[in-house]
Structure formats: structure tokens, C-alpha cells
Amino acid sequence: MQKELLEEIEKLPDVSEDAANAFKSEMGRMVEKVNRIMSQRPDIRLLTGDAPFSLMFDNHKNHALFMSNVFSLNMPTLLVDTIPWVYHAYHSHGFSYSYFPAHIQSWRIVIPESLYEDNAAAMLGVYEWIASRHETFIELSKNIALKPAVSGGPHPETRDDFLCALLEGNREKSLAIARRFAASPSELSTFYVHIIQPAMYEIGNLWEKGEINSAREHLASAIVNRIMAVQYVEQIQTAEKARGTAVVTAAANEFHELGATMVANSLELDGWDVHYLGANTPGEELIGFIAQTAPDILAISSSLPLNLIYIRDVIREIRAWPPEKQPKIMVGGLSFTNHPDLAEKLGADGYAPDAPGAIELARTWQKEA
Ligand code: B12
């Protein structure tokens, strides 16, 4: 079914760069109009169930930013994994399926009101296609619901124990598992990729299905953050740092930082001098920091496809510098998992699927330098 959708998407009209820019600069105002249209609907409570309006407004804002990425990067293929996810996540949080076409219809009203006709035309084609595939998206979203919980992979018992400890919010037990499993730096990478990562993915699945709330998800993330900080102090900080310098960060508007932390810690353990900037680094400030520190490598993480344009803008700016001033740029994170070709589209030098892959890529670049 996905193949059929991808074929249809190929035939959609191209959205020009001017039109994409117009959408980007008008999207704040358009979101307000969509919010107004949706909240004034007499049937709105039937559409959103008991969910607070703030959740719907969040979705409208995220939708706009996401579509801005689709148009600016000319990547309508992103629609094929993201729309079923939106249906699944919001339906699990109480929205009825009828909410989705109503929302899309609001954009079909607001776009021609807000943008010049030429700019609006191709976008309306995309929206029309989304509306026409409503039933397919429901079906695909139901398949997501059937997706098995994390399975396979090495060390399943430790992973499941760790997951339970995180879900219980039991920090002592989580830390004890970490200490037992990753007693020396050589085990950290396996602990990151085969214990923490799948456990956190499963926490995401449970949140997406509405089985745990955001507070539980935050608690689990905070415990993982604390554990990685302990491991950093005890096992990484003193590593020799002779390979070169790297700056690691999450993209602007990107609050998912655990993957970036793993990449930063892994590089440092492998002998890189790492400046780790954490979550949500604004593009302009990142560029200033790179200009000042002149690292060999810049590594940027993104989990939400709606933040990809921020990465593209940073890379564009760096690419305008003299070649000898430009760091090698790698990207990674969940946004790229199904779209590794995006790395090239954004202008990056490379992509790696996980922390060990980031080390491998960095070493290859070091040899080439
Ligand atoms: C924890 C979490 C959060 C926490 C993050 C806390 C923190 N301090 O990091 C908080 C609560 C902030 C959060 C917020 C949101 N989240 Co969230 N979150 C997650 C969750 C459960 C785990 C993320 C994680 O830590 N994964 C573990 C790490 C280790 O994995 P990783 O990031 O993939 O990293 C590995 C590789 O990808 C790679 N890698 C990562 N970065 C890089 C960089 C480079 C350069 C390289 C080479 C490699 C690399 O190496 C890493 C290690 O091997 C995921 C579920 C999931 N499947 O990931 C959802 C998830 C990512 N979140 C999601 C959503 C929707 C949101 C919100 C929009 C929800 C909301 N309504 O509030 C907000 C958005 C906030 C924002 N603007 O960023 C969705 C995204 C869906 C989508 N298709 O877009 C997910 C998938 C949940 C789900 N199943 O629906 N979230």
C-alpha cells in the first residue's frame, strides 16, 4: 500500500521554492486561522473527544512546520510515514478519525486566502491528495497499532528489566542495571544501543498508543539522562582526546537529546574533543559557535522531521564559507531512519544510523583528512 502511495506522490505537482518560502513566512498566521476555524466548529467536541484544545493547537502548529519541511525540501515522501503516525497518535489520545479531514479542509480554505494563487495551487494539489487518502491513512495507522513491542536484539532480559525499571520510575534499579551491565567503558556502546535505545523506543510506542502519559515519558528520559551523566563522569571524562574536535548538538526546536548525548559521549570515548551543546540549539547561534571553535566535525541530531529545514539552513550557511573553514557534517536521528537519502538533500557529508556508526564515520573522515 505504501508503494502505491509513493507512486501517487511522485505525480503530485512540484511546489516551487518561492511557494515554499511563502508558506513558511505565512504559516504562523495560517495556523491562527486554522485554530479559529476548528475551535468554532459546532462539532469540535465530537472531533477531539476529551482532549484539551491545546493538544489540537499543538497539532496544527506541528502540521504547519512539517508541511513547510515537505514543501521546502520537496520531500512529499515524508507524508507517507508521518500522516499514519499522526492518525495513530492523535486517535489514541481521543481524537476521532473525522477530525483529520476536517483539519485538512481548514487548510484548503486558509491557503488560498493567505497566499497568491500561483503559490497556493500546487500546495492545494498536495492537500487534495491527503484528503483523498483518508481511508488509507486510517488503515495504515491501524497497522502501526499492531506493530509488535520491541523484540529481538541481543540482551533481551536486561533490556526488558531496564524498560520495567524506567516505567516504574525506579531510578535506583535503573542505575544498578546500568552499573552491572556497563561496568567498563568498553560496554557503554552496547548499553546505549541495545539497552537504552530500544527501551526508549518502546516508551515512545506506549506513549503513542496512549498507554502511558507524557509525565511517565519525561520521568524515563530524566532517569536515562542522569544515568548517562554518571557514566560520563565515571567512565568517559578522562579519555584521551587526540583525534580532533567535534561539535555535537540537537537541531533547533529539537528536544530529543538522548541520541545526541550518546553520539557525543561515544565520540569522546573514542578520542575526540567534543563540545556537546544538547537540545534545541538555535541555528544562528550554532553557526557562530562553529565559526569560533572551528571543529573538524559537526554532528546534528533530529528526531522530528519538522526540524529538518533548520538543519538545512545551518548547512547552507556553512557551505558558503571557504572550504578549509568548513567542518565535515554528519546527521542522524529518527528523522533519517527511513530516509537516509535526506542527508544528501540537506547538504550533509554523511549519515550514520547509530552511535557506533557515528564513530566509524568520524574515523573515516579523520583518515581522509
Ligand atoms: C523521550 C522522548 C521525548 C522526550 C525527550 C527528552 C530528552 N531529554 O531527550 C520529550 C518529552 C522532550 C519528547 C517530546 C516530544 N516528542 Co518525543 N519521544 C521520546 C522517545 C520516547 C524517546 C527518544 C529517545 O530518547 N530515543 C532513544 C535514542 C537513543 O534514540 P535515537 O534518538 O534514535 O538515537 C540513536 C540514533 O538515531 C542515532 N542518532 C541520534 N542522533 C544522531 C546524530 C548523529 C549525527 C548521528 C550520526 C546519529 C544519531 O544514534 C543514537 C544512538 O544509537 C521517542 C520514541 C522514539 N522512537 O525515539 C519519542 C518521539 C521521538 N517523540 C515524538 C513526539 C511526537 C514528540 C512531541 C511532538 C510530543 C508532544 N506532543 O509533546 C514532543 C516534541 C518536542 C520537540 N520539539 O522536540 C514522536 C515522533 C514521531 C514523529 N514521527 O515525528 C516519537 C517517535 C514518539 C512516538 N512513538 O510517537 N519526546
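Ala 294 is exposed, because its relative accessible area is 52%, over the 50% cut-off. Keep in mind that this is a predicted model. Where is Ala 294? It sits in the loop between helix H14 (283–293) and strand S3 (297–301). Its backbone deserves a look. Phi of Ala 294 is near 45°, a positive value, and the residue is not a glycine. Most residues other than glycine have a negative phi.

Asn 74 is another case. It has a positive phi of about 50°, and it is not a glycine either. You find Asn 74 in the loop between helix H4 (53–72) and helix H5 (78–92). Is Asn 74 buried, exposed or partly exposed? Its relative accessible area is 35%, so Asn 74 counts as partly exposed.

Now to helix packing. Two packed helices are described by the angle between their axes and the distance between the axes. Take helix H2 (residues 17–39) and helix H6 (residues 99–114). They pack at an angle of about 130°, and their axes are 9 Å apart. That angle is why H2 is called oblique to H6. The crossing of H2 past H6 is right-handed.

Which residues meet there? From H2, we have Phe 23, Glu 26, Met 30, Val 31, Lys 33, Val 34, Ile 37 and Met 38. From H6, the partners include Tyr 99, Ala 102, His 103, Ser 106 and Trp 107. Also on the H6 side are Ile 109, Val 110, Ile 111, Glu 113 and Ser 114. By type, the residues of this contact between H2 and H6 divide into 12 nonpolar, three polar and three charged.

One more residue in H2 is Arg 29. Arg 29 has 49% relative accessibility, so it counts as partly exposed. The cut-off for exposed is over 50%. Between the C-alpha atoms of Arg 29 and Arg 41 there are 19 Å, and the two residues are 12 apart along the chain.

H9 brings Thr 158, Asp 161, Phe 162, Ala 165, Leu 166 and Glu 168 to the contact. H10 brings Lys 173, Ser 174, Ile 177 and Phe 181. The residues of the contact of H9 with H10 split into five nonpolar, two polar and three charged.

Next, helix H12 (residues 214–236). How does its span agree with what 23 residues should give? At 1.5 Å a residue, H12 should span 33 Å, and its end C-alpha atoms are 31 Å apart, so the two agree.

Which residues of H12 are buried? They are Ala 220, Ile 223, Val 224, Ile 227, Met 228, Gln 231, Gln 235 and Ile 236. Look at the spacing, with the helix repeat in mind. An α-helix has 3.6 residues a turn, so residues three or four places apart point the same way. What covers those buried residues? The cover includes helix H9 (156–168), helix H10 (171–181), helix H11 (188–208) and helix H13 (258–269).

Leu 219 also lies in H12. With a relative accessible area of 34%, Leu 219 is partly exposed.

Now Tyr 192, in helix H11. At 1% relative accessibility, Tyr 192 counts as buried. What does Tyr 192 touch, leaving out residues up to four places away in sequence? It touches Gln 197, Met 228, Gln 231, Ile 236, Met 262, Asn 265 and Ser 266. Among these, Met 228, Gln 231 and Ile 236 are on the list of buried H12 residues. Tyr 192 and Ser 266 are 74 residues apart in sequence, yet 9.4 Å apart in space, C-alpha to C-alpha.

Ser 141 is a serine in helix H8 (residues 134–146). Its relative accessibility is 2%, so Ser 141 counts as buried. Its contacts are Pro 84, Tyr 87, His 88 and Tyr 97, not counting residues up to four places away in sequence.

Last stop, helix H15 (residues 308–319). It has 12 residues and reaches 16 Å from its first C-alpha to its last, close to the 16 Å expected at 1.5 Å a residue. Its buried residues are Leu 308, Ile 309, Ile 311, Arg 312, Val 314, Ile 315 and Ile 318. Note that an arginine, Arg 312, is on that buried list.

Key:
Residues numbered from 1 in each chain as written. Predicted model: local features only at pLDDT ≥ 70, side-chain atom pairs only at ≥ 80, totals over all residues. Heavy atoms only, no water. Axes fitted to C-alpha atoms, helices over the stretch in contact; angles between N-to-C directions. Helix = DSSP H or I, 4+ residues; strand = E, 2+ residues; numbered from the N terminus. Parallel < 35°, antiparallel > 145°, perpendicular 65-115°, else oblique. Left-handed = near helix turned anticlockwise from the far one by under 90°. Contact = heavy atoms within 4.5 Å. Nonpolar A, V, L, I, M, F, W, Y, C, P; charged D, E, K, R; others polar. Expected span 1.5 Å × (residues − 1). Buried < 20%, exposed > 50% of the residue type's maximum accessible area, 1.4 Å probe, protein only.
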